[in-house]
Amino acid sequence: MKVSLIKCQSYDSNEVSQSVTRAVELIGGINNFIKPGEKILVKPNLLSARLPERAVTTHPEVVRAILRLVRNAGAIPLLGDSPGGAVKGVERVWTETGMKKLADEENVQLVNFETSGAVSRNINHPTISKIHLASITLDVDGIINLPKLKTHGLMIYTGAIKNLFGCVPGMRKAEYHKMAPHPDDFSHLLDEIYLVYKEKIRFTLIDGIMGMEGNGPSSGDKRKLAMIVASKDAVILDLAVTQLLGLKPAHIESINYLANKQNLEKIEWAGNSHSDFNLKDFKFPSNWYLKLIPKWLINIIGSYLWLKPFINSEVCTNCQMCVDSCPIKAIKNVPGAKPVVITDECIACLCCHELCTFKAIELKKSLLAKILIRH
């Protein structure tokens, strides 16, 4: 399976357009993925209301390049996502991420997943029997998946597969975190969502021009990776990118699970050489070493091994995003003060850490976690 790897140094519109076009050409070309007259949903990562330069969301210029390719192929592009930060209004997310301006400039419809209706699909999961998805994501003829290359506090890495969680509308995402709190169970849920969309995804292209390392997906450190990566197969793409960054696929449960269910072909790289990129010492989340501990052992020592969020009151602006987004309401308002996390109730889904705009959510480790997690 081909994976294209293209060097792109900046978000200059012309450079991005050329790089994205080249990346798509190397995996087959836009006309092999799209037919004239089709409705194609372009699905970026719009995690929350962040400016593009913060490297939290897919950059508008990458989205623009794809929208133009779709239109030039004779198809009708739509643009949409269901941001976790939509609890404060999706219009604010569209404006801050640059998608509203982009949609106006390119004359493309922005689709609100929260108001477009929802349908349910049965899935094979130990704690969730059916999943609710935005109707528009299943009504369109095809999807082009446009994730941002970032780390993720709960999942270690967020890319092609994780980006599809944005097809779940509104606060249902928080409910599913509550129903699948363990990282393995949540990974399984992501896989089941991917399997619903597998045949509808035409290809995935990852914005890795400016990525994020460390404690992503919103509070990590920006890192210039200068890459566009694309493939027809989302699992192969995530497998290729994590290997490129130096992490074994077995440590990413969502990839590992799907890889075991597929006959993975040898990755065929196309485009630039790996040596053209500076990827040395890429930093993964501080809790990724927990993946090295067998699950049976975690079940025994789990009460002594944990990472829980807490709110840095000096940084917190009291915007209430964490209070509104917590799936089990473990973050409480305190009259005359900043919110607090009720540690005994917290399930460590890290939704608050993911969505906090001001990096006010920090991670507290148990004594055993401090000993085991030294990186």
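Reader: Which residues in α3 meet which residues in α5?
Author: Pro60, Val63, Arg64, Leu67, Arg68 and Arg71 in α3 meet Met99, Leu102, Glu105 and Glu106 in α5, where contact means heavy atoms within 4.5 Å. The helices (H or I, at least four residues) and strands (E, at least two) are DSSP runs numbered from the N terminus. This is a predicted model, in which local features need pLDDT of at least 70 and side-chain atom pairs count only at pLDDT 80 or more, while totals for chains, interfaces and linings use all residues. Residues are numbered from 1 along each chain as its sequence is written, and side-chain values use heavy atoms, with hydrogens and water left out.

Reader: How does that contact of α3 with α5 divide by class?
Author: The contact of α3 with α5 has 5 nonpolar, no polar and 5 charged residues. Here Ala, Val, Leu, Ile, Met, Phe, Trp, Tyr, Cys and Pro count as nonpolar, Asp, Glu, Lys and Arg as charged, and the others, Gly among them, as polar.

Reader: And at what angle do α3 and α5 pack?
Author: α3 and helix α5, which covers residues 99–106, pack at an angle of about 30°, with their axes 10 Å apart. The axes are lines fitted to C-alpha atoms, for helices over the stretch in contact, and angles run from 0 to 180 degrees between N-to-C directions. α3 and α5 are therefore roughly parallel to each other, given that angles under 35 degrees count as roughly parallel, over 145 as roughly antiparallel, 65 to 115 as roughly perpendicular and the rest as oblique.

Reader: What about α1 and α3, how are they packed?
Author: Helix α1 (residues 13–26) and helix α3 (residues 60–72) have axes 9 Å apart and pack at an angle of about 55°, and α1 and α3 are therefore oblique to each other. On the α1 side, the contact is made by Ser13, Val16, Ser17, Val20, Thr21 and Val24, and on the α3 side by Glu61, Val62, Arg64, Ala65, Ile66 and Leu69. By class, the contact of α1 with α3 has 7 nonpolar, 3 polar and 2 charged residues.

Reader: Changing topic, how many cavities of 30 Å³ or more are there?
Author: The count comes to 4 cavities of 30 Å³ or more. On a 1 Å grid over the protein atoms alone, a cavity is a set of points where a 1.4 Å probe fits but cannot get out, whereas a pocket is an open set with protein on both sides within 12 Å along at least five of seven lines, and lining residues have an atom within 4 Å of a point.

Reader: What lines the largest cavity?
Author: The largest cavity is lined by 26 residues, and Leu47, Gly84, Phe165, Lys173 and Glu354 lie nearest its centre. At least two lining residues come from each of β8 (148–152), α7 (172–179) and α13 (351–355). The lining of the largest cavity divides into 10 nonpolar, 10 polar and 6 charged residues.

Reader: Where is Pro217, and what is its peptide bond from Gly216 like?
Author: Pro217 has its place in the loop between β10 and β11 (221–231), and the peptide bond from Gly216 to Pro217 is cis, with omega near 15°.

Reader: What is the phi of Ala55?
Author: Ala55, although not a glycine, has a positive phi of about 65°, and Ala55 is found in the loop between β2 (39–44) and α3. Most residues other than glycine have a negative phi.

Methods: Grid points are joined across faces, edges and corners, and a volume is the space filled by probe spheres set on the points.
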